[in-house]
Amino acid sequence: MPSLREVQRSFATAIVFGDNGAIASLGIVPGGLGADERIAVYRNNVLGNYRKALAATYPVLQRLVGGRLFNIAIDAFVRGYPSARGDMNRYGGELGRFLSFYPPARELPYLPDVARLEWAIDQANIAADAQALDLATLAAVPENMLGELRFQLHPSVQLIASPYPIFHIWQVNQTECAGDDRVDLGEGGDALLIARGTSGVTVERLTPGAYAFLVALARNLRLADAVERALAAEASFDLSATLKGHVAGQTIVALRAPPTSQPGISA
Amino acid sequence: MPAIALLPHVAGIGLRAPHVARVVAERPAIGWFEAHSENYFVDGGPALAALEAIRADYPIALHGVGLSLGSADALDAGHLAQLKRLVARIDPAAVSEHLCWGRVDGRHLNDLLPLPLTEEALALVCNRVDAVQAALGRPLLVENVSAYLRFQSDTIAEWDFVAAVAQRTGCKLLFDVNNVYVNAVNHGFDPLLYLRAIPGDAVAEIHLAGFDASGPCLIDTHGARVAPPVWALYRATIERFGPKPTLIEWDTDLPALEILQDEAAIAQAIILERSDAVTA
C-alpha cells in the first residue's frame with residue numbers, strides 16, 4: 001500500500017502534469033467514471049482556480065493576449081512556478097518574469113512590464129497601513145540637517161520603470177476606457193509610482209527626476225544623495241515641490257533614523 | 001481555554017468581496033458572516049479594515065481553505081502564525097478548516113483534495129488538529145469535504161473517519177450537508193447513514209451550498225441555490241442535531257445579496273420549526 005506521501009505526490013503529478021502513470025499508481029476505485037475522468041475533475045478545478053485568481057490579478061494581461069492564450073500561459077506558469085502557500089494573495093508575482101522568456105509571448109515584449117505593473121497594484125491593495133508624516137515635523141528640521149534625512153515610504157509604494165509606454169497600455173485596457181485604444185510602442189517609456197492612498201491604489205507617471213529621487217529614498221539614501229541622483233536624471237528637478245507633494249500625498253510617511261555606524265565594519 | 005463567544009444558532013451568509021461595500025454601508029439583516037481566513041492574510045488595506053468594521057456589528061466565523069490539515073508535508077508554521085494573528089485581530093466566534101490536504105513536497109495546489117481514508121491519514125490529521133488547537137488555544141471546527149474519487153486503500157468509512165477526528169481530538173465539526181449529499185450521490189451511499197454516525201454534540205456549525213450536476217458527477221461549486229434533496233437532508237440534520245448555526249455558501253457566479261438572504265431565510269425557517277417543536 002502506498003504511503004500517504006506517495007499518494008499525495010502521485011495525485012499532484014497527475015493533476016499538474018496529467019501524468020498517466022501517476023494516475024494509475026493512485027489506485028482509484030473504479031465505477032461509473034474512470035480514474036482519469038475523476039482526476040480530470042480535480043485538474044479542471046485546480047487549474048480553473050489559478051486561471052480565475054490570476055485573471056483577477058492580471059486583467060489587462062488577459063485582455064492583451066485574449067482569454068484562451070491567457071489560460072494556456074497560466075497553466076504553463078503554474079507548472080513552472082508552484083504555489084508554495086495556502087493563501088493565494090501572494091501567488092503569481094513571477095508571472096512577468098515567466099512571460100519574459102515564454103516563447104509565445106516573444107512578439108509582445110512589453111507584457112512582462114505590464115505584468116509587473118498589475119502585480120504592484122494588486123500588492124499595494126494588501127500592504128500595511130501607515131500614518132501620514134506631518135509637514136510640520138519636516139519643517140522643524142534645521143536646514144543644515146536636511147541633507148542627512150532619510151525617509152520611509154508608504155508600505156504600498158512601488159516604483160516601476162519600463163522602456164515601453166506601459167501606463168498608456170494599462171489605461172486604454174481598463175474596462176471603463178471607451179476612447180482610442182491604440183498605443184504607439186515608440187511613444188517612449190514610463191516611470192511609475194504605484195501607491196495606496198485614502199481613495200485606493202493609484203498609478204502616477206513620474207518625471208525622471210522624481211523617479212530617481214523616490215528610488216533613492218526607497219533605498220534608504222540620504223536626502224542629499226537622493227537629490228544628487230534626481231538632478232543627474234533631470235536638470236530641472238524641483239526638490240521642494242516634489243518633497244512636499246509626496247509627503248502630502250503620503251508616498252513619504254516617516255523620517256527614518258540614520259543607520260547606526262558599526263565600528264570595525266567598512267562599507 | 002478562555003471563554004469564546006459562540007456563533008448564534010441562526011442562519012448566516014458567507015461574506016464575499018463584491019458584497020462587502022453594501023454590508024458596510026447598509027448593515028443588512030443577517031445573523032452572522034463567515035469570511036475566508038486566507039483572504040485576510042494581509043498586512044493592511046481596505047479589505048481588512050472592512051472586515052474589522054463588519055466585525056463590530058456581526059459575529060464572524062473564520063473559515064480556512066489552505067492550512068492543509070492532511071498533508072504528509074509538515075504543518076506550515078507561517079500559515080498557522082498568520083491565522084493566529086488574524087484570530088487575535090478579529091476575535092471570531094468560530095475558526096474552521098477542511099478535512100483534506102492541499103500541499104505535497106512544498107507545492108500547494110490550493111484546493112481541497114481528498115484523503116485516503118486510512119489509519120495513517122487519520123492519525124496524521126488528528127495530530128495536526130491537536131497542534132492547531134494548541135496553537136490557537138481554542139477548538140477548531142473541522143469540515144467534511146466533497147470528493148470526486150475514492151482510493152482502493154481506504155479502510156474506514158468517511159463518516160467514521162470524521163467522527164473519529166472529533167472523538168480523538170475534541171475538535172468541533174463543521175457539518176457540510178451539501179458535501180454529504182454530493183458524496184452520497186458520487187459514491188453511492190445513504191446520507192442518513194452518514195448523519196447517524198456523526199456525534200451531534202460535536203457539530204458547531206452547518207454549511208449549505210449548491211452543486212453542479214451538469215458534469216460526469218456532482219461537483220461542489222457553491223454556484224447555485226441549495227438543491228431540494230439537500231434541503232431535505234438539512235431538515236433531517238436539524239431534526240437530529242437540534243438548531244445549529246447554519247451558513248449559506250456561494251462562491252461561483254455570485255448573485256445579489258438578496259438571493260443569499262432568501263436562502264438564509266429558508267434555513268432560518270427550518271431552524272425555527274425545530275426550535276418550536278422543542279419548546280412546544
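Q: Why are α1(B) and α2(B) called oblique to each other?
A: Helix α1 (residues 17-26) and helix α2 (residues 46-55) of chain B pack at an angle of about 40 degrees. Angles under 35 degrees count as roughly parallel, over 145 as roughly antiparallel, 65 to 115 as roughly perpendicular and the rest as oblique, so α1(B) and α2(B) are oblique. This is a predicted model, where local features need pLDDT of at least 70, side-chain atom pairs count only at pLDDT 80 or more, and totals for chains, interfaces and linings use all residues. Residues are numbered from 1 along each chain as its sequence is written, while chains are lettered from A and ligands numbered from 1 in the order in which they are written.

Q: What makes the contact of α1(B) with α2(B)?
A: Val20(B), Val23(B) and Val24(B) of α1(B) meet Ala50(B), Ala53(B) and Ile54(B) of α2(B); being in contact means that C-beta atoms, placed from the backbone, lie within 7 Å.

Q: How do you know which class these contact residues belong to?
A: Ala, Val, Leu, Ile, Met, Phe, Trp, Tyr, Cys and Pro count as nonpolar, Asp, Glu, Lys and Arg as charged, and the others, Gly among them, as polar. The contact therefore has 6 nonpolar, no polar and no charged residues.

Q: How do you know that β4 and β7 of chain B pair?
A: Two strands pair if DSSP finds at least two bridges between them. Here 3 bridges join β4(B) to β7(B), so the two strands pair. In one of them, Glu97(B) has Val142(B) as its bridge partner.

Conventions
Helix = DSSP H or I, 4+ residues; strand = E, 2+ residues; numbered from the N terminus. Axes fitted to C-alpha atoms, helices over the stretch in contact; angles between N-to-C directions. Contact = placed C-beta atoms within 7 Å.
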